[in-house]
Amino acid sequence: MAQKKIINSKISGRRSRRVTFNPKMARRSFLKLSGAAAAVTTAALAPKLTRKVSAGTDKKEPYPGSKKIKTICTYCSVGCGIVAEVQNGVWVRQEVASDHPVSRGGHCCKGAGAIDMVTSEKRLKSPMKRVGGKWQKISWNQALDEISKKLLDIREKNGPDALHFNGSAKVSNEMAYLQRKFAAFWGSNNIDHQARI
Amino acid sequence: MTNSLNDIRHSKLVFMIGSNAAEAHPVAMQHVLYAKEVNNAPIIVVDPRFTKLAAKATDYVRIRPGTDTAFVMGLINQIVSNDWYDKDFVRARVAGFPEMCKVASHYTPDVVEDITGIPASEVVRIAKLMATHRPGTVVWCMGGTQHSIGSSNTRAFCILQLVLGNMGKSGGGTNIFRGHDNVQGATDMCVLSHSLPGYYGIKDGSWKHWCRVWDVDYEWIKSRFHSKEYMNKKGFTLARWYEGVNQDDKINQYTPIKALIQWGCAGNSNSMLHRVKKAMDKLELVVIVDPFAPAMCTWGEKDNVYLLPCSSQYETSGSLTSTSRQFQWRFKVVDPIYESKDDYEIMAELVKRLGFADKFYKNIKKVPEDITREICKGTLTIGYNGALPERIKKHTLNWHTFDIDTLQAKGGPCDGEYYGLPWPCWTETHPGTPILYDISKPVAKGGLPFRARFGTKITYYDGRTEDLLAAKGVANPGSQVKGGYPEFKDIVPGTNWKTDLSQKTIKEAIKRGMAPFGNARARCVVWTFPDQVPVHREPVHSPRPDLIAKYPTYNDKPDQYRVYTRFKSEQNPDLVKKFPFVIITGRMVEHMGGGAETRSNKYLSELQPHVYAEINERTANNLGIRNGQMVWIESPEGGRAKVMAKVTDRVDEHTIFLPYHFAGQFEGKSLVDRYPEGMAPYAVGEPANIVTNYGYDIITQIQATKDGLCNVKPA
């Protein structure tokens, strides 16, 4: 029944329309699409959407010279495939990976908007420091120089265990490894991350 | 996970306890629903709340929060006493069975009903369902773990699968759906205060092993620590680091914590947030590294905070390990945007300024591939060594060549290998291990026995002695020893399979058709734990004073990860009088973790803009609360949150549910103006964790956010 609902919905009904996850895409369609994915949460519907997407993109090449990069969604541990289309260094649109052996083209509403991670206006744009209760933009050099000087002072005065490091389950294996190695070389076991909780 | 998401397609039954996969792992659901529709598998969902997953269940079991062990031991008791258990499996591959059965026998259907609220007849019916539908899979998430007895819960789930003989089988297994995209990998890398990468621990031998991998002098690393004692002492955890600052409970460290680095970690996922907030002003330095302005930057008044913009993971590259233990390479999509830098660069700049870059990057020239290689060199315990960067990339680039049912490549460049080389991947030609502890396949082809980790013999508390190795005749096909055997050592003198960096030991074991870590029995009794066999204990904050006397919590732990942790002294039978409701927290599909990313996404924010408290209709009517009205949720710890009421029968009349992804408001006060200008998320609200309670697991110190108490009143 859920499948039927989707097929009858406006999105898949408008066959001629190119369906992408492009940020330029009408907000309304996006909401419908992700809302549907959220509500049904079964990829039984995903192949249907996927076919529509590929059928649409075959018709026209709106981003000449673009390349497609296989990557992995950053939201949960299922590890869904994402095909990112990049033109001149800009991520222009996102496709589901219908041939990925685990996700098989399925996406939740978060993964469907993965591209927004690099297009969001809300991203932090430069290092900042709180001065007199207000955020002040500073350079990377100033930030890192001040931070490391302060860390070394604290280490000198209070010892290495005066630092606590909360690392991340959202970084690569390589970075997670460096976080643990950092604590070891700094000289403390005060390091932990989200797996604890 | 012992199996994989795809392997659930082979399950004859799916038992999900403390998981809301429909919201937390939506794309995994296709495999669960395949089992439901094609195999006609019962989907049993055990949860205090009728979740979106429960809506997909064939059998929904409502359980009182924090009583999973009682229910599962009750199921085990039924399965054993009705003779439904897998006798061959137990005889050959399980240890401590009689001791476990004796404990389980206490949990009769009536006792289970009293503790859990699940009708006695349901206990019998579910047990029978599980016995008659094999192999079945058991799935759990944070609903199973975030309790003071979380470690007993997870052990009970494992024992259930052992008695059913569902381990090491396609369609069976214990399958924990992990949360964050790389929480499996970060756990394996042991960004943890009690272990070095690969679960080596922090004893001298572990440090020496990793010093060899890093190619640095052990004495130099030792000199970096305050003393050798602190090198071998578990550190503060994410759950309680702020006690190192506040010292509301006594700490066991020579100095309080003065500085914090918070790198890719949401502050609002900590319980008792008002105490975390208090710590912010006591710290001398707070360094937050994140792509978006997180909740933490709005707390505190002092000028002690730096915000460093790291790029998102799409602007860098590296490997990650999925919940199914599969490695995938996350290829870089675009260069870091704005002035953000990727994690590796920020780390390199920091390490350079702290003065140990030469030693830190001794073997690392090309980032990230040389780091992957260093990980492979040292992480032998869980077989990361065969997952070389070029192999991982080859799998990701050729993901279309893998079969959805077996996850094995059919032809192509990865022919015969399993997708993502699920660890352990023992050698550079090993295909990966798709199902752990599966003795039907040769070890070289992805088979494994249970690990021999705890010696070869044990005498239990009841005086019985048992051989811990697997029974005679039980081994993987092609094994030179037809039965149990201990772990491999001294192939290269003075080393064992975990410490032989030449990897000759591992290769020798595989050549003999054997597992490097031996072939033993899985334990039902853990003799180093306070509860050797899982037993029910009432939550630290229990709504049932009558049961506290019968099932009291543990004694206080004076030095748990460097801080005094209260159990018995915190358990107060009168607390429920003032705080009559149980508070539980969980996820929404639209948001992730602390929500800094998803609430900064305008589409997701529009889909799910508000935090709310789910309150049962009867409760709401009794308290005079209408749907959509603002209410105060108050915690015994003094935290309070102002949220909208969602009146619904998803929760029962004793329970309040809150999603925990929100921030930007604190105890009724907006903090939006405290974000850097223009960077406040689109959706803001009270963090649920302001009202989560005190309480931690006895072993892991995971916070007990799934069984605290609270009060509700109209705002």
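Trainee: Why is Arg325(B) called buried?

Mentor: A residue is buried if 20 or more other C-beta atoms lie within 10 Å of its own, exposed if 12 or fewer, and partly exposed in between, with C-beta atoms placed from the backbone. Arg325(B) has 27 other C-beta atoms within 10 Å, so Arg325(B) is buried. Please note that this is a predicted model, in which local features need pLDDT of at least 70 and side-chain atom pairs count only at pLDDT 80 or more, while totals for chains, interfaces and linings use all residues. Residues are numbered from 1 along each chain as its sequence is written, and chains are lettered from A and ligands numbered from 1 in the order in which they are written.

Trainee: What is noted about the phi of Arg325(B), and where does Arg325(B) lie?

Mentor: Its phi is positive, about 65 degrees, although Arg325(B) is not a glycine. Arg325(B) lies in the loop between strand 10 (318–321) and strand 11 (327–330) of chain B. Helices (H or I, at least four residues) and strands (E, at least two) are DSSP runs, numbered from the N terminus. Met272(B) likewise has a positive phi, near 50 degrees, and is placed in the loop between strand 7 and helix 15 of chain B. Met272(B) counts as buried because 26 C-beta neighbours lie inside 10 Å. Most residues other than glycine have a negative phi, and most peptide bonds are trans.

Trainee: Which residue is joined to Pro135(B) by a cis peptide bond?

Mentor: Arg134(B) is, with omega near -5 degrees. Pro135(B) is in the loop between helix 7 (120–132) and strand 5 of chain B. Another cis bond joins Trp423(B) and Pro424(B), with omega about 0 degrees.

Trainee: How do you know whether Glu37(B) counts as buried or exposed?

Mentor: Glu37(B) has 11 C-beta neighbours inside 10 Å and therefore counts as exposed. Glu37(B) belongs to helix 2 (residues 29–38) of chain B.

Trainee: What makes strand 1 and strand 5 of chain B a pair?

Mentor: Two strands pair if DSSP finds at least two bridges between them. Strand 1 (residues 13–17) and strand 5 of chain B are joined by five bridges and run parallel, with Leu13(B) opposite Gly136(B). Strand 5 is also joined to strand 6 (residues 174–176) of chain B by three bridges, again in parallel; there, Val138(B) has Thr174(B) as its bridge partner.

Trainee: Which strand of chain B is joined to strand 6 of chain A?

Mentor: Strand 7 (residues 259–263) of chain B is joined to strand 6 (residues 163–166) of chain A by four bridges, and the two run parallel. His164(A) has Leu260(B) as its bridge partner.

Trainee: Why do strand 1 and strand 3 of chain A stand at the edges of their sheet?

Mentor: The sheet is open, with three strands in the order 1-2-3 and antiparallel pairing. Strand 1 (67–72) and strand 3 (90–96) of chain A each have a single partner strand, so one side of each is left without a neighbour in the sheet. Strand 2 (residues 81–87) of chain A pairs with strand 3 over six bridges, and Val83(A) stands opposite Glu95(A).

Trainee: How many residues of each chain take part in the contact between chain B and chain A?

Mentor: Two residues are in contact if their C-beta atoms, placed from the backbone, lie within 7 Å. The contact takes 135 residues from chain B and 106 residues from chain A. Helix 16 (residues 343–354) of chain B gives the largest share of the chain B side, eight residues.

Trainee: Which residues does Leu75(B) touch, leaving aside residues up to four places away in sequence?

Mentor: Leu75(B) touches Val123(B), Ile126(B), Ala127(B), Met130(B) and Leu160(B) on that count.
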